[in-house]
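Keep the model open while reading.

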Amino acid sequence: MNAENFGSSERLVAAAYVRQGAQGRRGHELLLRALLEQGKCPEDGWDESTIELFLHELAIMDSNNFLGNCGVGEREGRVASGLVARRHYRLIHGIGRSGDISAVQPKAAGSSLLNKLTNSVVLDIIKLAGVQTVTNCFVVPMATGMSLTLCFLTLRHKRPKAKYIIWPRIDQKSCFKSMITAGFEPVVIENVLEGDELRTDIEAVEAKIKALGAENILCVHSTTSCFAPRVPDRLEELAVICANYDIPHIVNNAYGVQSSKCMHLIQQGARVGRIDAFVQSLDKNFMVPVGGAIIAGFDASFIQEISKMYPGRASASPSLDVLITLLSLGASGYKQLLKERKEMFSYLSSGLKKLANTYSERLLDTPHNPISLAMSLKNLDENNDVAVTQLGSMLFTRQVSGARVVPCGTVQTVNNYTFKGFMSHSNNYPCAYLNAASAIGIKKRDVDVFLKRLDKCLKTCRKEGNKEKSVNEICDSNTGTEQLAN
């Protein structure tokens, strides 16, 4: 209510009580005012009543919620189900216009304001997470793979002769298909093995640029967050190469916002060389439903070009989800989650190392990977060919999600490209292994339950392996006796 309505209320309720109510309302409004003026994530999280009040205020600014609105167009924010309308807080018009996903929508001032505020708050969080010189970003209602495709399509207009994308290998289908979908030819650069780690072959990247010609290369497509034993690309070296050869550089930072190491690599790469854009997932970094990503960069005009490449309006759901989440957490709440994730990484690492020693395996030494861990399955693989894949099935049926069991020598064809040793990021990684990650939101209980169930599964696999070994020894013994008799 405004001041006039509060004044009118005093005819019905004692003025002292009305003034007290007005002061309570004023407290909510001060929070809203700070957000609108500063465009930053509040330090302390908001309560749900403040967030709902804010969203209601935005919604009634959209034309579909005007009292007496008469819509005669083909898109008027009509929703048949009240449940659907409430699910979206009656913010129905989406974001953007046909020519620019970041543009203001005349029919939907509230939704447009939501879009602008979300991008501003997310930019603030990216800076908080470690990339302090980022200048612009926007939330796009597509997951990471399609958002990368949008970046590549934008670069096409800047480099019309280019047909290749230099890509240090990472065995994840969506980032590979993002290049194919955009109509480009990925040039796969195999990683080099350094100890247990798979790292970027910088010399091979530069050699391939010279062989193909810089003008024929659309960009270098690098990666930060990844499954061990692969580790983040050498972003600083790649950024310098891109600057030297005047080649764009797009970084797949899928779940890297939660890692200070990954964000530091991006910041340093931009400082010493060239990074045009970096793309990160909303669900992996902010614990919201799948379906959104953030495209960010250091040249505001280029990021704006990418937003203009998006055809048509877009769903506001990813923007709404991440804004609600960040307003609920506040900057302090998000920083606490980042701190807890780091602590759980150390806890998971310690637990896996102890368990690995119990089964004569080892935790692979991958100090450059700040999120994912890998435990060797060498003995399991040697004793039983199918035991490695069985272990993955056993974990899944015991409700352990996210753990990846990677056997040796798997061959996979993706869009007519054949990868040897698929999932291991290498043609010939020395051993089979199991992955586990410490991602944002993980709790001590998750780690404890995982280690307990993994222990039981490994114990079962070892027993079955010993049985099979005994049977084989008996068969070999009988065969040998028969040969002597003959």
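## Basis and domains

The centres of domain 2 and domain 3 are 28 Å apart, taken over C-alpha atoms. This is a predicted model: local features need pLDDT of at least 70, side-chain atom pairs count only at pLDDT 80 or more, and totals for chains, interfaces and linings use all residues. Residues are numbered from 1 along each chain as its sequence is written, and side-chain values use heavy atoms, with hydrogens and water left out.

The domain assignment gives domain 1 (3-67 + 80-88), domain 2 (109-329) and domain 3 (334-476). Such bounds come from an automatic or database assignment.

## The interface of domains 2 and 3

In domain 2, 40 residues touch 40 residues of domain 3. Contact here means heavy atoms within 4.5 Å. The two domains bury about 3400 Å² between them, 64% of it on carbon and sulfur atoms. Buried area is the accessible area (1.4 Å probe) that two parts lose on being put together, summed over both. On the domain 2 side, D171, D196 and Q258 lose the most area to domain 3, together 19% of what that side buries.

## Salt bridges

Side chains of opposite charge can pair when their charged atoms come close. The rule asks for a side-chain nitrogen of Lys or Arg within 4 Å of a carboxyl oxygen of Asp or Glu. The whole structure has 17 salt bridges. The interface of domain 2 and domain 3 has 1.

R362 pairs with D196, with the closest N and O atoms 2.7 Å apart. R33 and E37 form another salt bridge, at 2.9 Å from N to O. Both lie in helix α2 (residues 15-38), 4 residues apart, about one turn of the helix. Helices (H or I, at least four residues) and strands (E, at least two) are DSSP runs, numbered from the N terminus.

## Helices α6 and α12

The axes of α6 (residues 144-158) and α12 (residues 300-309) come within 9 Å and cross at roughly 110 degrees. That makes α6 roughly perpendicular to α12, a class covering 65 to 115 degrees. Axes are lines fitted to C-alpha atoms, for helices over the stretch in contact, and angles run from 0 to 180 degrees between N-to-C directions.

From α6, residues including L150, L153 and H157 meet α12 residues, among them F302 and M309.

## Backbone exceptions

Most residues other than glycine have a negative phi, and most peptide bonds are trans. The A228 to P229 bond is cis, with omega near 10 degrees. P229 sits in the loop between β6 (217-223) and α9 (235-245).

M287 is not a glycine, yet has a positive phi of about 55 degrees. M287 lies in the loop between α11 (282-286) and β9 (293-297).

Key: Angles under 35 degrees count as roughly parallel, over 145 as roughly antiparallel, 65 to 115 as roughly perpendicular and the rest as oblique.
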